[in-house]
Amino acid sequence: MAEPEVVDVVVVGLGVGGEEVAGRLAEAGLSVVGIERDLVGGECPYWGCIPSKMMIRAANAIAEARRVDGLAGTAQVQPDWAPVAKRIREEATDNWDDRVAVERFTGRGGRFVRGDARLDGPGRVRVGEQVFQARHGIVFGTGTKPSVPPIDGLAGTPYWTNHQATEVAELPESLLVLGGGAIGLELAQVFVRFGVRVTVVEALDRVLAIEEPEASEVAAAALRADGVQIHTGVKAERVSHDGQGFTLHGSGGTEFTAERLLVVTGRRAHLEELGLDTVGLDAKQRFLPVDDRLRVTDGIWAVGDVTGEGAFTHIAMYQAAIVIADVLDHARHAHGTPDPSGTANMVGGAMGAASEASVPRADYRALPRVTFTDPEVGAVGLTEHQARQRGINVQIGFTKLGTSSRGWIHQVGDDGFIKLVADANTGVLVGATSVGPAGGEVLSGLVVAVHAAVPVIQLRRMIYAYPTFHRAIEDALRSLK
Ligand SMILES: Cc1cc2nc3c(=O)[nH]c(=O)nc-3n(C[C@H](O)[C@H](O)[C@H](O)COP(=O)(O)OP(=O)(O)OC[C@H]3O[C@@H](n4cnc5c(N)ncnc54)[C@H](O)[C@@H]3O)c2cc1C
């Protein structure tokens, strides 16, 4: 067996979270090995946020052009996927090549190893024949993979996940989207705007089921207006592929056909691949549970999607800052000096004092999330249902965007609303939803309100610029009851 090589920190998985942790710890002077089996940067730049938002930007331009009629004359639009595919290939992903990202990491002082890594006993990580012994810690940033349901006949067919949907150079004539969550709706709307016949099949009784029911209604109506067929309450029971196309047999005798099938039914961490049993951890869990400093157990941290705290790049980055602070704090104590590498202040100022108390703790109360459909669905904190379930003395404020000056001016494409969930006992917002053409941007003020627990009375006394979309927040505040 190979003699373990001793290093300070081993980071397994260099997606958004892992790359940030590994790069910043290396910059701080620790010897860091970063191990990635696929592409450095992970899902977000290659098959997630960035290419999907490039697709959405293009699809929204088509939709806006179609809104010229009646507002500003006439416009003829001839959608063409080629520039979108080219932009994703050339600008976003370097043809799915991570050379630049690897150099970015090694340029920060990290040592890069390509391969599949797993724990090999306490403090040890194995990748192929190499074994590393981590002096200060091991960080898992191994993310998630698409969770594909065990539908009869599905395995072995050429179904798409978000990978194929992102890499597609020529669009199919028709597409079945299995799953009406954020990713399913975003991609369904993109493809329908480029002329693909799109059908969404969702097992639950509404799309975007984790958000407010009013948001589901607006999103479903917008997609239907674009031409998407939406079927909710339909469980997929069997799939077949005849070489030309797919047939999906659903509950209640339903049947759908299309050239392509995109499966976007959630994501799953693959803990069974990580050798967790070699340190006595349970690999059968859905995600890797962490405490508020992202510690899994002594000497092991996790960051990003694998923690199950929310599958968003901003969560991975938020958690990364905490992991970095905690690992550096740990390293400082291990060295028995306040700041061995002289880098105490490198982590966003969080490491100024050499004490555990200086390590920030994760707090997800004001977790923002945006579904980039048109209109966008932005939300933060608790939905009304979640707040009531927690026994909060709930007050609701609601206003439609179309009744605001800006919504009325915007006219076509002004669908949306602001919904506020307040705790009547404490007088602060505990959740909010902002749906509209700039729903995700309008959300930012509401995130501040929930995060900082700004009293509703203060929010009512603010000045809201006229005529912005965010001015509708004032109307929603006025309607709180
Ligand atoms: C279509 C789509 C659109 C999205 N849009 C948005 C958006 O608009 N905004 C947003 O905030 N989020 C979005 N997300 C979510 C976002 O991409 C993820 O939250 C983010 O990538 C999580 O980062 P991560 O570091 O946890 O994991 P990942 O990015 O998944 O990276 C994990 C890395 O670990 C590697 N790995 C796993 N196991 C091992 C192992 N044993 N050894 C070595 N390497 C390993 C993997 O190869 C991978 O590169 C989107 C996701 C998808 C799929």
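The dialogue below turns to the ligand, a helix pair and some backbone features.

Guide: This is a predicted model, in which local features need pLDDT of at least 70 and side-chain atom pairs count only at pLDDT 80 or more, while totals for chains, interfaces and linings use all residues. Residues are numbered from 1 along each chain as its sequence is written, and side-chain values use heavy atoms, with hydrogens and water left out.

Visitor: Which backbone atoms lie 2.8 Å from an oxygen atom of the ligand?

Guide: A polar contact is a pair of N or O atoms within 3.5 Å. A backbone N or O atom of D305 lies 2.8 Å from a ligand oxygen atom, and a polar backbone atom of T313 is 2.8 Å from an oxygen atom of the ligand. A polar backbone atom of A117 is 2.9 Å from a ligand nitrogen atom. On its own the ligand has 1000 Å² of accessible area, of which the protein covers 92% (Shrake-Rupley method, 1.4 Å probe).

Visitor: At what angle do α3 and α4 pack?

Guide: Helices are DSSP runs (H or I, at least four residues), numbered from the N terminus, and strands are E runs of at least two. Axes are lines fitted to C-alpha atoms over the stretch in contact, and angles run from 0 to 180 degrees between N-to-C directions. Helix α4 (residues 82-92) packs with α3 at about 145°, their axes being 10 Å apart. Contact means heavy atoms within 4.5 Å; I50, P51, M54, M55 and A58 of α3 meet V84, R87, I88, E91 and A92 of α4. These residues comprise eight nonpolar, no polar and two charged.

Visitor: Where are cis peptide bonds found?

Guide: Most peptide bonds are trans, and most residues other than glycine have a negative phi. The bond from D374 to P375 is cis, with omega near 5°, and P375 is in the loop between β18 (368-371) and β19 (376-381). Y466 and P467 are also joined by a cis bond, with omega about -10°.

Visitor: What is the phi of W96?

Guide: W96 is not a glycine, yet its phi is positive, about 55°. W96 is found in the loop between α4 and α5 (99-107).

Technical notes:
A polar contact is a pair of N or O atoms within 3.5 Å; within protein, one must be able to donate a hydrogen and the other to accept it, and residues adjacent in sequence count only if both atoms are side-chain atoms. Ala, Val, Leu, Ile, Met, Phe, Trp, Tyr, Cys and Pro count as nonpolar, Asp, Glu, Lys and Arg as charged, and the others, Gly among them, as polar.
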